[in-house]
Each structure stands twice: as structure tokens, then as C-alpha cells.
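Please find below a colleague's notes on this model, arranged as numbered points.

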Amino acid sequence: MKVLSFLNNKGGVGKTASVVNLAHILATVHEKRVLVIDLDPQGNCSNFFNKTDFVSLIRAHRMGIKEERLASVGDLLIDSELDIHKVVKDTDYERVKILPSYPTLSAIEEKLKADIKTPQQFRLTNHLQKIQEEYDYCLIDCSPSLSILNINALVASDEVYIPTLVDDGSLFGIELTKTELIDAVRKYSPKLKIGGIFFTRFKDHLNASKYSKELLGKFYEKLILPITIHENTAVSDCTHNHAALLEFNKRCRAAKDYQMLAGYIVAPNRKIYLKKLQEQMAAEKIAELEQKLKELETEVLDSSDTVATEVHEKKVAEYRRQIAQWKGEK
């Protein structure tokens, strides 16, 4: 079983959306056995797969009623003897199971600190070792924090992926994630590698997107994946409807983006995969630009309108420049 964590110290960057959609693609397209671990007290991943009844939770909380609940990942962390099989739950998707979270998970950290019998950072690892042969991949949805929960996730992981938006807060979140968590964990868990940094809710046409790519490239050029998850309303809509993006709207760009990312994760040779992917993306972009250029060149203009003619010629020149750039021509 290969364990992958998805982490950024900044919240709202698309960790949960990435985990649930990648888990679904790995299970359906690549036919992998996937375990999802929700290590975020917000429980969005658990809610997606198990449809948590938050109305009942709120009512019970206000009335002081202790609701009966199923065992969660928090129980595993504080009980080394608990059988992990009793905590793993089925989902609606074949080959996808989940270790759910619960709103009280945030309180678990204090209990972990108080219990000195078992090293805090190895608790999750110890449980996962018992089911190594039962799954192909384990995807961990981490909370946006510098916590013992996330340290447990990283110690158990082979790779960590860092999703990010283009805003400054998300970019600084990468710096904190790497220096305060990943680098620290690597000192006693050298197997941990950074799988890559990828942008989510990305908009190609925005200057902020281009600026963020350039800025991040100055510090983490070798870690940035050439795969971005583009902005698409279907991502939030499918989450609201508790449906994976691939079954909700498989033709949208974000669904294709996540399929490319899943392909990268499972690729036996990632360098070859990325090379072929970039060649494919370049060919598609060139075809798109050439079609636009063809449409421009066939436009009938009023020769007496010098302004329109000049604008038209500039557009043609710009398309030709972009085509040459994508072809790698000087």
C-alpha cells in the first residue's frame, strides 16, 4: 500500500476535493483498492462519502444529548489495541473505503499529548501496517494546521502532495508546510517525499495565475507539477451532491485534470508520463490556436477601415507567435 497525504497549512485550497476525486478515479479508472483517511476535524471527506447528518448533530449538541456514533480515526489514534477493521467503513463506490473523522477529532490531540506510553507520531503508522496488503493506495485528507494529527499523517506517508490556490496566503502556506512539517518529519522518516505541488481552481487568463506560477517557481521550481486543476463550478456542485466529479460531469476540464493527476500518481515512470502528457497538451493547444488563426485569416475585412485592419493583423501575429512558442520554435 502506498500512502499519500494531501496537505497545505492554508485552508480552502482543494485538499478534500482532490482526495475524494483522486480516490474515485484510482478505484474506477485504474481499478485500485483505495483507503481514504479523513484526518481533518471538519470531516468534509467523511461527509462526502458517508453523508453526515449535520442537522441531527446540531440538534443533539444544543440539547446536550450524546449521540451514538460509529468509531472514527480519532479512536484509533488514542487506542493502539483497537482493531482498524472495525473503524474502516464502506462507501458507495466499489474499491473505496474510508476511515472517517468526527467533529471531536480536534480534542484528540490533547489526549495524545497526555498519553506518553506510545510515541505520538507513530500511532497512525502502527495501525496502517496491519492492513498493508489490503489496499493499493491510502489517501489522507489533512487539516490545515501544524498539528500532531498531520505529523501522524506524514510519518505514515510515502509521499505528500501540496494543493494550492494562486493567492499569497496559499503560497505562504506551502512554505510553512514544507519547513515546519515536512522537513521536520523527514528527520525521523526519511522515506517521505514530496510528490508535487499543484494549483487548484486555476484560471489561465488571469495575471494573478501567471504571477503565482512565476513566484512559486523561484522557490520550488522542481516540485511544481505541470498539471493544474482548472476552475470549474462542477467541482463544488459535485461535492454538494455527494457525487464524484467523474460521474457528475466527466467532460468538464477539472475532471480531465484530475484524471491526468491520477495518471501521474500511478505511472511506473513519471518522467516518461509527464513528457508524453506535455506533448499531448502542446498538440491540443497548437490545434486550438491554429483553428483560431484559420478563422481569423478567412475573415473578410473592409480595406478602408485601417484601425480594424491593424487590430486584425496584430491578432494574427499574436496567434502565430503563440503557435511558434508551443512548437518550441524561436
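1. Axes are lines fitted to C-alpha atoms, for helices over the stretch in contact, and angles run from 0 to 180 degrees between N-to-C directions. Helices (H or I, at least four residues) and strands (E, at least two) are DSSP runs, numbered from the N terminus.

2. The model is predicted: local features need pLDDT of at least 70, side-chain atom pairs count only at pLDDT 80 or more, and totals for chains, interfaces and linings use all residues. Residues are numbered from 1 along each chain as its sequence is written, and side-chain values use heavy atoms, with hydrogens and water left out.

3. Helix α13 (residues 270-297) and helix α14 (residues 306-326) have axes that come within 9 Å and cross at roughly 160°. This makes α13 roughly antiparallel to α14 (angles over 145 degrees).

4. Contact means heavy atoms within 4.5 Å. Among the α13 residues that meet α14 are M281, I286, L289 and L293; the α14 side includes V316, Y319, I323 and W326. The residues of this contact divide into 10 nonpolar, 2 polar and 6 charged (Ala, Val, Leu, Ile, Met, Phe, Trp, Tyr, Cys and Pro are nonpolar, Asp, Glu, Lys and Arg charged, and the others, Gly among them, polar).

5. Strand β2 (residues 34-39) is largely enclosed by the rest of the structure, because 6 of its 6 residues are buried (under 20% relative accessible area, 1.4 Å probe, protein chains only). V34, V36 and D38 cover one side, and L35, I37 and L39 the other.

6. Strands pair if DSSP finds at least two bridges between them. β2 pairs in the parallel sense with β4 (residues 96-99) over 4 bridges and with β5 (residues 137-142) over 6 bridges. L35 stands opposite K97 in β4 and opposite C138 in β5.

Terms used: Parallel < 35°, antiparallel > 145°, perpendicular 65-115°, else oblique. Buried < 20%, exposed > 50% of the residue type's maximum accessible area, 1.4 Å probe, protein only.
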